[in-house]
Structures are given as structure tokens and as C-alpha cells.
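Visitor: I am new to this structure and would like to know what lies behind the words used for it. Please show it to me.

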Amino acid sequence: MSTPDLDNIKDFAITHPGGWRLLGSAAEFDDFPETHKEQIMFLDAHATKFLFRFIENAGLLTGGGWDPFARGNFAQVEEYKDLYQSEESQQDLKKWLYRRAIPFRNWVFVLTGGGEALMMTWKMVLKYSHLIFPFDDTMVFDRTLNWCLFYYHEDLMFFGRNNVYDTSADELEMQRLNERKKKYPAFRHPYL
């Protein structure tokens, strides 16, 4: 089997995994309309591991859940608070997500704090937002990495747009740590 990457990741799709998951049980997912199921893909363990490593290296999240874009990695950050207190709140969230102006047909990645990874169209993110976001800390992004939606489990949502994260400072710090490890072999490198 090949190694997952952004170009072939759909090859790692699986049927709905057993147990209670992001979109409910397997039986509940089976009851979704066929047109919706065609726009949702659960990813296997290899693709899930790849995506979590990929995101860690891409620097989309640079702070804790209460401030996921702490290093200013996006030029614009918007917040949405007080989710799911009522049916009205759920509808307001869908409207807020809609106003992010992401085309419905765009495929996005959905990663949960519980270690689940899915791909779905943006339209399905809006349609099933009431199931996706109260689940766990969850991030949504697309292959451009130009935007990121992050839901923090204390009913906070952040949307960063226009990725400006510069990895050069991180690379310089890693080089400095590697040189120090070479010079002082007993040095405990924090990333090794």
C-alpha cells in the first residue's frame, strides 16, 4: 500500500468505523441520504496519522484551544461564541459558517481531539455542524492551508484566514538545538 499524502488521501477512505463516532453510530450514518454519504469519507489509521503529523508540521495551530492562532499565523481571525444553547444558536452558527465564503463543493479535512479524521465537503460541514462541533475539539481546513476553523470544547469557535505563518524562525530554533546536541551529547533535545 502506498503512503498517504494530500494527493492520494481519498484512497485511504474506509466505511464508517464501528462504535459512536463524530457523526453518530454506524447505523445512524447509514440512515443519512446517499447524496450526503457520497460527500463524507472516514479515513483509515494511516491517513489519520499522516494528517495529524502534517498539521503539526504545517503550523496551523500555534496556541492552546482558547487561542489556537496565538503566534499570529493568520492575518484575520474571527470568533464565534456561545454555541448550542438553543436551536436558534445552531442556525446562527450555520449562517456564520456560510458567511466564511467557502464553496460548498470544496473537500475539507476534519480532525477531532479524539483522534478521528474525515474528509467531507464544506456543505456537509454546515449540514452536520450540530453533530461535528459539540463532539470534541475539532479543526477543519483544506489542502490550501490558507484558512483553518477550530472549535474549542468550551463553545468557542475560531476562523483564521490568510495564512501568514513563517516557519523560518522554527527552523532556525531547530538548527540551534541540533547543533547544541552535537556539541553536548548529554543535552536533552526537547524534540527527540
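Predicted model: local features only at pLDDT ≥ 70, side-chain atom pairs only at ≥ 80, totals over all residues.

Visitor: What makes S2 and S5 a pair?

Guide: Strands (E, at least two residues) are DSSP runs, numbered from the N terminus. Two strands pair if DSSP finds at least two bridges between them. S2 and S5 are joined by 3 bridges and run antiparallel, so they meet that definition.

Visitor: Why is Trp-66 called exposed?

Guide: Exposed means over 50% relative accessible area, buried under 20%, and partly exposed in between (1.4 Å probe, protein chains only). Trp-66 has 61% relative accessibility, so it counts as exposed. Tyr-152, at 10%, therefore counts as buried. Val-77, at 43%, counts as partly exposed.

Visitor: How many aromatic pairs does the structure hold, and why is the pair of Trp-66 and Tyr-152 called edge-to-face?

Guide: The structure holds 12 aromatic pairs. Rings of Phe, Tyr and Trp (its six-membered ring) pair if their centres lie within 6.5 Å; planes under 30 degrees apart count as stacked, over 60 as edge-to-face and the rest as tilted. The centres of Trp-66 and Tyr-152 are 6.2 Å apart and their planes stand at 70°, so this pair is edge-to-face.

Methods:
Residues numbered from 1 in each chain as written. Heavy atoms only, no water. Helix = DSSP H or I, 4+ residues; strand = E, 2+ residues; numbered from the N terminus.
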